[in-house]
Amino acid sequence: MQELKNLLYMLYLEAGPPTLDEIAQWVSDDDDLPGAPERDTVRRCIGSVDLPANQHDATSIAMVLARRAGWDAEEVAAKIREYWIAARMTVPLGQPVSESRDPIALQVHRTIESPDAPPGPPTYLKRAHDQKLSDILSAIESKPKFIVLVGGSSTGKTRAAFEAIHEHLTDWRLYHPISPSKPEALKASLESSRLAPRTVLWLDELNEYFAPQKGDVAAVSLHEALSSESQFIALATIWPEDWDRLVTDPSPGSPAPHPNARALLKSVACRVDISTDFDLEELKLRAARDSRIQQALEVTRSTGKITQYLAAGYSLLERRTSLFHANPGAWAVLTASMDAHRLGLPKPIPQEFLKRAAPRYLDAETWGELTDSWFGTAAEDLTRMVRGAARPLTRIRPYPDEEPRPTTFLLADYLAQHGRLERRFEFPPSSFWLAATGLDDAAIQYELGLSAWLRGRRKNAAQLLQQAAQKGAPDALTRWAEWLWRAGEQEHAERLFRDAIDLGSSLALHARGRALWRDGQKEAAEEMYERAASSGQERTLREWANSAVEDGDWELAEKLFERAHKAGDPWALWWWSASLSDRGDIERAADLAELSATSAGQAPSLWWVNTIWDSGRRQRAEELLGQAAQRGNTEALWRWAEALWDAGERKRATELFQKSVDAGNEDALRRWAGTCWHAGDRNKAETLLARAVEAGDNTALWWWAMYLSRDGQPLAAEKLYVQAANAGCWFDVLRQWSEALQDDDQGDKASALGIYGLTESGTIAQPWNILDFAP
């Protein structure tokens with residue numbers, strides 16, 4: 001249909017463009033035309049995204065426009081007929097919203113059962129987010145829209161979306177892209193001629209569309225489609241921590257893990273946060289008619305987690321706790337499932353993986369007491385419905401008449417989210433990593449290998465990255481090449497770099513350029529850097545510039561920083577400004593900082609505050625911070641607070657730190673703690689750091705460890721370094737720890753930690769032969 005609409009619009013432009021009245025008159029004056037559309041019909045045919053209702057009308061309009069444009073009218077008429085028939089015969093994606101009445105089919109959680117409760121889910125009770133969503137959908141125009149509902153598991157995101165489309169979009173279509181994989185299905189639907197106007201793309205659990213290896217390609221497709229004239233709505237749900245992970249700005253020395261998803265979510269998405277507050281009086285009225293709501297009110301009086309209780313979240317946690325003694329094998333399988341989810345194994349989880357992963361979650365005595373049929377018993381227990389609403393695990397297996405494929409299990413959302421917090425400081429046992437070596441998918445093994453690497457377990461990472469590399473995963477080859485290069489095995493590393501580059505890895509070009517530069521092979525390095533920059537490696541020009549700064553080549557550095565900035569690297573101005581500041585050119589550094597502050601879409605954070613402030617432009621810095629804070633940027637509050645603290649205005653600084661915390665900024669507690677520690681108020685700092693860790697800020701752990709190391713408390717620091725590593729902190733925890741050991745004159749331990757990492761129990765590993773695992 002798009003071909004038909006494009007041809008009509010092109011003819012309209014080429015013909016003048018004429019007015020609608022003129023077109024209608026031209027058609028009326030020609031009795032030989034097959035149709036007789038009036039003005040409104042002409043308007044719909046040319047301007048609407050819908051297929052013209054009558055082929056003869058579309059043909060007539062096209063013919064009179066073709067004559068005015070000097071085109072062959074008969075040839076154009078033939079094309080219009082061809083396109084109209086093809087569009088009419090095309091079966092559009094999805095089904096009408098009015099026919100999509102089953103909320104369970106759209107992943108709305110079932111509700112707990114109660115003997116004296118009415119059938120079906122409780123009557124929907126609106127909250128604050130429903131009004132915001134209603135306002136957005138009521139104002140929908142012809143252009144596409146991307147709406148993301150953000151809230152924790154079982155908070156009512158999907159139910160809110162379901163209710164909203166049935167209230168406002170009953171004459172639209174609904175399509176849920178899921179096969180063969182969610183990223184591929186989303187990309188294919190956006191490129192399909194079957195995507196009809198006024199279609200809702202149902203993207204429940206958006207993380208599963210954008211986080212996988214092909215997710216950033218899907219994000220690009222959606223971003224491009226949202227800039228088109230297509231009329232569709234992408235309606236998505238996501239957990240807050242997944243949103244944060246996708247939109248997190250890259251740190252200065254690290255690549256952005258999801259650059260295209262980040263850009264899309266930060267610049268285009270309309271975010272709607274799920275409110276946890278109900279109208280209490282209305283809730284009590286509902287409770288009088290529904291015993292499930294009455295139970296929820298009684299049990300969640302202190303937490304307010306009404307929806308979580310109704311979706312069996314509480315009951316699922318109770319089931320898991322009871323399994324530890326009632327069925328240890330089932331507890332181990334469920335715990336392995338939770339670890340698999342938080343470490344990057346996509347849902348659903350293969351049965352064979354769980355069977356191999358679970359044993360060492362149990363001590364030897366408990367494992368020895370299990371029967372040979374332990375896994376079948378565990379699976380039976382874990383797939384049993386809890387209060388008629390949810391299963392800890394849902395078994396997925398093919399029908400007898402389908403192509404054979406392995407049985408898998410889907411972990412309940414509430415347990416998946418709970419596991420991320422409850423087990424974030426736990427490192428899975430050896431059986432988990434042994435099971436991972438049996439997976440067939442190179443991309444999954446690579447992701448799990450990175451998870452092990454981030455947690456400091458170099459040997460576990462080596463095994464998985466070796467297998468991924470042998471299966472042809474280019475980024476795994478690159479990781480190995482870098483590792484071997486640092487270990488002095490340049491010849492082996494060169495071969496792996498070449499293999500990865502031959503497979504199209506821009507990361508390999510970048511990494512090889514960096515390795516060659518450090519080795520003094522500048523000409524060869526520059527060639528690699530140029531190729532990497534041309535292939536889309538965002539950080540290449542900036543890192544090349546930093547290398548030039550280290551070598552004292554300021555002329556080259558400035559040229560590269562400028563290129564990086566013009567290419568859209570969000571951190572280019574930061575590094576450029578910092579290099580100028582280090583050279584003593586404070587004025588130019590502040591000019592670049594102010595440019596970053598006022599350039600839309602450039603600054604990934606408000607790093608510019610101190611540079612502008614310290615250059616003597618405090619008034620300008622405060623003006624920019626105030627503007628950012630008014631736009632809802634909570635980072636501005638703690639940045640402002642830090643600057644005021646350094647200026648000695650601690651009362652006002654404390655007020656701003658507290659405002660940033662109250663506004664939910666995840667960095668505020670940690671940054672506040674840092675100012676307190678440097679001011680000598682260690683008790684206050686540790687209280688704030690503990691609050692930050694409890695709130696889920698893993699970075700606070702290695703900050704805390706770093707402070708303790710500097711204060712001469714290595715044992716206390718070591719415990720926190722291990723916790724930070726176990727949590728998979730994105731910063732290089734082992735490097736920080738190694739530097740602390742080096743400063744403490746423990747060079748041998750520092751070297752062993754940097755090369756060989758940690759054991760599974762969290763102690764510094766003894767030397768092992770890296771080449772035993774090299775691909």
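## Helix contacts and a parallel strand in a predicted model

Threonine 478 lies in helix H25, which spans residues 474-486; helices (H or I, at least four residues) and strands (E, at least two) are DSSP runs, numbered from the N terminus. This is a predicted model, in which local features need pLDDT of at least 70 and side-chain atom pairs count only at pLDDT 80 or more, while totals for chains, interfaces and linings use all residues. Residues are numbered from 1 along each chain as its sequence is written, and side-chain values use heavy atoms, with hydrogens and water left out.

Threonine 478 counts as buried because its relative accessibility is 0%, where buried means under 20% relative accessible area, exposed over 50% and partly exposed in between (1.4 Å probe, protein chains only). When its neighbours within four places in sequence are left aside, threonine 478 is in contact with Phe497, Ala500, Ser505, Leu507, Ala508 and Ala511, contact meaning heavy atoms within 4.5 Å.

Two packed helices are described by the angle between their axes and the distance between the axes. Axes here are lines fitted to C-alpha atoms, for helices over the stretch in contact, and angles run from 0 to 180 degrees between N-to-C directions.

| Helix pair | Axes come within | Crossing angle |
|---|---|---|
| H3 (residues 39-47) and H4 (residues 55-69) | 10 Å | roughly 85 degrees |
| H37 (residues 668-678) and H38 (residues 682-694) | 8 Å | roughly 165 degrees |

The axes of H3 and H4 cross at roughly 85 degrees, which means that H3 is roughly perpendicular to H4; angles under 35 degrees count as roughly parallel, over 145 as roughly antiparallel, 65 to 115 as roughly perpendicular and the rest as oblique. Thr41, Val42, Cys45 and Ile46 of H3 make the contact with Asp57, Ile61 and Leu65 of H4.

For the other pair, the axes cross at roughly 165 degrees, so H37 is roughly antiparallel to H38. Residues of H37 in this contact include Trp672 and Trp677, and those of H38 include Leu688 and Leu689.

Strand S2 (residues 145-150) is mostly covered, with 5 of its 6 residues buried. S2 pairs in the parallel sense with strand S5 (residues 232-238) over 6 bridges, and also in the parallel sense with strand S6 (residues 270-273) over 4 bridges; two strands pair if DSSP finds at least two bridges between them. Valine 150 stands opposite isoleucine 238 in S5, and its bridge partner in S6 is aspartate 273.
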